[in-house]
Amino acid sequence: MDVNSSHGFPFAIVGFDLDGTLLDTSGDLAAAVNHALGSIGRAPLSVEAVKPMIGGGARAMLKHGLEATGGYDDAMLDTLHRQLLDYYEAHLAVHTAPFPGALAALDELAALGVRLGIMTNKLERFARAILDALGLTERFDAIIGGDTLGIAKPSPRPIQALVEQCGGGSAAFVGDSIFDVQAARAAGLPVVACSFGFLSQPVEALGADAIIDGYGELIPTLERLAPSAT
């Protein structure tokens with residue numbers, strides 16, 4: 001078994017998705033979607049309605065929002081996508097905050113000598129700006145966005161790059177979407193799904209190796225997912 005030799009923890013690296021996994025970004029993302037919708041006279045969507053649209057990147061989220069409010073054409077999508085990104089960049093950490101217990105879990109993993117990384121389908125500059133605003137950037141050895149490599153989840157390449165940037169070794173991934181599970185599976189990593197995330201389907205249907213209902217469960221769950229058992 002490839003364990004963290006200092007503490008006997010089974011993983012040297014733990015990677016995290018951002019939206020719906022480490023951070024509740026739903027309020028700011030919903031505001032950005034509604035800004036774009038409002039510019040063409042569409043009614044706003046609730047935060048709860050937007051949550052299942054999150055995970056595939058801003059363009060996919062906007063596409064779902066337009067489909068839910070009357071449809072779109074490609075020219076409209078292109079124009080509103082730019083508007084959404086401009087608005088979001090100026091308002092990306094108004095309501096956003098870590099999920100309860102997330103920071104304590106990061107602290108505990110760091111104390112175990114685990115290297116931490118982020119792999120999100122969000123643009124890298126947005127991910128870094130949010131982490132900077134929340135004072136979290138220095139916790140991570142790798143921060144990879146959906147545009148960093150020119151390919152996003154569900155491709156395994158960004159997660160493989162995360163592992164490489166963290167120095168290599170046994171790794172696990174934590175996420176909340178089918179994109180997270182598919183990417184981690186393709187990269188050969190065990191994956192933990194968060195039931196409190198921005199789910200577009202029942203969490204049990206994602207096919208993750210384990211499910212957590214809160215961050216207090218993360219460390220013992222990862223201990224049960226030792227690489228020799230996967």
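In this predicted model, helix 4 (residues 74-90) and helix 6 (residues 124-133) pack against each other at an angle of about 20°, and their axes lie 10 Å apart. Since angles under 35 degrees count as roughly parallel, the two helices, helix 4 and helix 6, are therefore roughly parallel to each other. The crossing of helix 4 past helix 6 is left-handed. On the helix 4 side, the contact is made by Leu85, Tyr88 and Glu89, and these meet Arg125, Phe126 and Ile130 of helix 6. Sorted by class, the residues in the contact of helix 4 with helix 6 comprise four nonpolar and two charged ones, with no polar residue.

Six strands make up an open sheet, and reading across it gives the order 5-4-1-6-7-8, with parallel pairing. At the edges sit strand 5 (142-144) and strand 8 (210-212), each of which pairs on one side only. On average, neighbouring strands of this sheet are turned by 20° against each other, with direction ignored.

Strand 1 (residues 13-16) and strand 6 (residues 171-175) run parallel and are joined by four bridges. For a handy point of entry when inspecting this pair, Ile13 has Ala171 of strand 6 as its bridge partner.

Note on methods
Residues are numbered from 1 along each chain as its sequence is written. This is a predicted model: local features need pLDDT of at least 70, side-chain atom pairs count only at pLDDT 80 or more; totals for chains, interfaces and linings use all residues. Side-chain values use heavy atoms; hydrogens and water are left out. Axes are lines fitted to C-alpha atoms, for helices over the stretch in contact, and angles run from 0 to 180 degrees between N-to-C directions. Angles under 35 degrees count as roughly parallel, over 145 as roughly antiparallel, 65 to 115 as roughly perpendicular and the rest as oblique. A crossing is left-handed if the near helix is turned anticlockwise from the far one by less than a right angle, and right-handed if clockwise. Contact means heavy atoms within 4.5 Å. Ala, Val, Leu, Ile, Met, Phe, Trp, Tyr, Cys and Pro count as nonpolar, Asp, Glu, Lys and Arg as charged, and the others, Gly among them, as polar. Two strands pair if DSSP finds at least two bridges between them.
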